[in-house]
Amino acid sequence: MFKYINSINFFMKTWLKNWPQNLPYELVYPSISIDKIFEKSAEFYPDKAFMIFYDKIVTYSEAWNSIMGIAGTLQKLGIKKGDRIGIYMQNSPNFVISYFGIIKAGGIVVLMNPMLKREEIKYILDDSKISAVITTGELLNNLLEFQKTHKIKLIAGNLKEYIPDNTDIPVPAEINKIYELFDAYTWAEAIKNKENYSEVENSADDIAMIAYTSGTTAIPKGCVHKNRSIIANAMDSAYWRGVTSGTVELSVAPFFHVTGLSFSVLGPIYEGATMVTLARWNRIAAIKAIEKYKVTHWVSVPTMIADLLAYPDLDKIDLSSLRFIGGGGAAMPKPLLERFENLTKLPFVEGYGMTEMMGQTHINPPHKRKSGSIGIPQFGVDAKIIDWQTGKELGFNEIGEIVFKGPSQFSGYYNKSEETEEAFIEIGGEKFLRSGDIGFMDDEGYFYVVDRLKRMINRGGFKVWPLEVENVLYSHKAIKECCVISTKDERVGEEVKALVVLKDEYKGKVSEGELIQYCKERLADYKYPRIIEFVDEILKTGSGKIDWRKMQEIENKKYLEK
């Protein structure tokens, strides 16, 4: 049924005056299961490249046949509707084929970070009661013991099967070889079982996926998404960015994370676009792929942009085919944003979202991007700033917690009813999801993230937001990456400390004292870091974000061990 907007309050939302003129305020979403979007594109564009993987072209029709084969194999292995099936692999044709094959068979996809180790894998298997896992050769050994302990079924393939020998795009060494697939049903067999498939009735309101997030705690929680919420976000991401069947998407953001899944996979497939896919980020591979296949759209994270900007022959690369560039997951430091925009001659469109919302809730209007802002609420999303202690709604430019609700909202945390209830707050009789992020809305309806609620540094009673300090550090020409954390101090309680990675050409030439003085000249006295520590790398999460939480844990442990 067509849904009309009949809320006067919705039309009074401040951000609507900056809404793109060619787009409606809300979209109407089809009541189907997510596998139907691939089926539609395979019907419309059978011979078109669905994915180019290190020069290997896989067409929509080839992929759809493999999807049907995976669905048939899962049924042959005894998988029934509602069973949870893990995907434990890097970006690849295998990943996308597995995703749609599982849902086609009536299963529920459980996204598993390929960097997970034994105990983390065990936690997810225990928590979501996984029946089977689809993986690849280089990761298979991490799962073999669970065949006995958890009685899971395994399907495994080699990514090398999709990689040509003569590609000139750099391939990660561990995936560019053939592994023996012990004790697993092989991918080569699995994709040929199309004839074994028996039709399953899937609906928009069936659960399709569980994606794990730690949120503001250290305990992973499975965000449950129905077909309906997944399709909503896929369509939102496609229409906002102007994705069409002619789009060539650089799909390098991790597929196991909702940002990469929505923007780099589901949105392009919905429109019948082509995905140029890398197993993981490599700046040389990305540059070659953009130049060779005339990539038009790319969604990234700031760490990728920082790495690209550190490329020594930056002036020699051709990025002229790009028509849209954007990202999220973490705030883009202003100095990096300005340098990247000078390189591409395009606005960098920043967005913001959560696993609980299947991706973006806010994104900048491409025609009116505000630097440093996460943008305005997406199609049909309502967002507010509240006092995080009292729940009172705040006004323009007042700092509080960001809360929202919208069509891509999750159904709850898997088997965690108490945590689900705590994730929401009731405002005016409606439930809003609490983000745990601190920010404000300006008088034009643009939202800004100041920092995580839990990340604030309390230095002698004065509040320091690490992001502000990081932005100043990033403006120094010698800094490649940085992360600001707190360290215990007997005088002020918490002192500001910065972990810094220098660009290669500045190593040994810039001192800690010089950077401290640089910040002191640009920040209030209580804000600048008193401690600078040079490190070889900044820790990242599986989705490529800077893992400040892990580095804070390491710092706290150091203090306790003194």
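Lys-151 counts as exposed, because its relative accessibility is 66%. The model in which this residue sits is a predicted one. Lys-151 belongs to the loop that runs between helix H6 (144-149) and strand E6 (153-157). Although Lys-151 is not a glycine, its phi is positive, at about 55°.

**The chain as a whole**

The chain contains 16 helices and 27 strands. Its radius of gyration is 23 Å, close to the 24 Å that the globule rule gives for 562 residues, so the chain is as compact as a globular protein of that length. Along the principal axes, the C-alpha atoms fill a box of roughly 70 × 60 × 50 Å.

Of the 562 residues in the chain, 59% are buried. The chain exposes about 23,400 Å², and carbon and sulfur atoms supply 50% of that area. Taking contacts between residues at least 6 apart in sequence, 68% join residues at least 24 apart. The side chains include 70 positive and 74 negative ones, and the centres of these two sets lie 1 Å apart.

The mean pLDDT of the chain is 92, with 96% of the residues at 70 or more. Residues 1-8 have a pLDDT below 50, and this stretch has six contacts in the model beyond near neighbours in sequence.

**Helix H5 and the residue after it**

Helix H5 covers residues 118-128, and the loop between H5 and strand E5 (130-136) holds Lys-129. The buried residues of H5 are Ile-121, Ile-124, Leu-125, Asp-127 and Ser-128. These buried residues pack against strand E3 (84-88), strand E4 (108-112), E5, H6 and strand E8 (207-213).

Glu-119 is also part of helix H5. With a relative accessible area of 53%, Glu-119 is exposed, because the cut-off for that class is over 50%. Glu-119 and Met-551 are 432 residues apart along the chain, and their C-alpha atoms are separated by 20 Å.

Lys-129 follows H5 and has a positive phi, near 55°. Lys-129 is a residue other than glycine.

**Helices H11 and H12**

Eight of the eight residues of H11 are buried, so this helix is largely enclosed by the rest of the structure. The residues concerned are Pro-302, Thr-303, Met-304, Ile-305, Ala-306, Asp-307, Leu-308 and Leu-309. They pack against helix H10 (283-293), E12, H12, E14 and strand E25 (479-489).

Helix H12 spans residues 334-344, and its buried residues are Pro-335, Leu-336, Leu-337, Phe-340, Glu-341 and Thr-344. The partners of these buried residues are strand E12 (297-300), helix H11 (302-309), strand E13 (324-327), strand E14 (348-354) and helix H14 (466-474). Just after H12 comes Lys-345, which has a positive phi of about 60°.

Asn-176 lies in the loop between E6 and strand E7 (185-186). Apart from neighbours within four places in sequence, Asn-176 is in contact with Lys-160, Ile-163 and Val-171. Asn-176 and Ala-383 are 207 residues apart along the chain, with 45 Å between their C-alpha atoms.

Leu-499 is located in strand E26, which covers residues 493-502. Leaving aside neighbours within four places in sequence, the contacts of Leu-499 are Glu-481, Cys-482, Cys-483, Ile-485, Glu-533, Val-535, Ile-538 and Met-551. One of these, Ile-485, is 14 residues from Leu-499 in sequence and 7.8 Å from it in space, C-alpha to C-alpha.

| Residue | Relative accessibility | Class |
|---|---|---|
| Lys-151 | 66% | exposed |
| Glu-119 | 53% | exposed |
| Asn-176 | 33% | partly exposed |
| Leu-499 | 8% | buried |

Leu-499, at 8%, counts as buried because its value is under 20%.

Definitions and conventions. Residues numbered from 1 in each chain as written. Predicted model: local features only at pLDDT ≥ 70, side-chain atom pairs only at ≥ 80, totals over all residues. Heavy atoms only, no water. Helix = DSSP H or I, 4+ residues; strand = E, 2+ residues; numbered from the N terminus. Rg over C-alpha atoms; globule rule 2.2 N^0.38 Å. Buried < 20%, exposed > 50% of the residue type's maximum accessible area, 1.4 Å probe, protein only. Contact = heavy atoms within 4.5 Å. Areas by Shrake-Rupley, 256 points an atom, 1.4 Å probe, with all protein chains shown as cover. Lys, Arg positive; Asp, Glu negative; His and termini not counted. Charge placed at Lys NZ, Arg CZ, Asp CG, Glu CD. pLDDT = per-residue confidence, 0-100.
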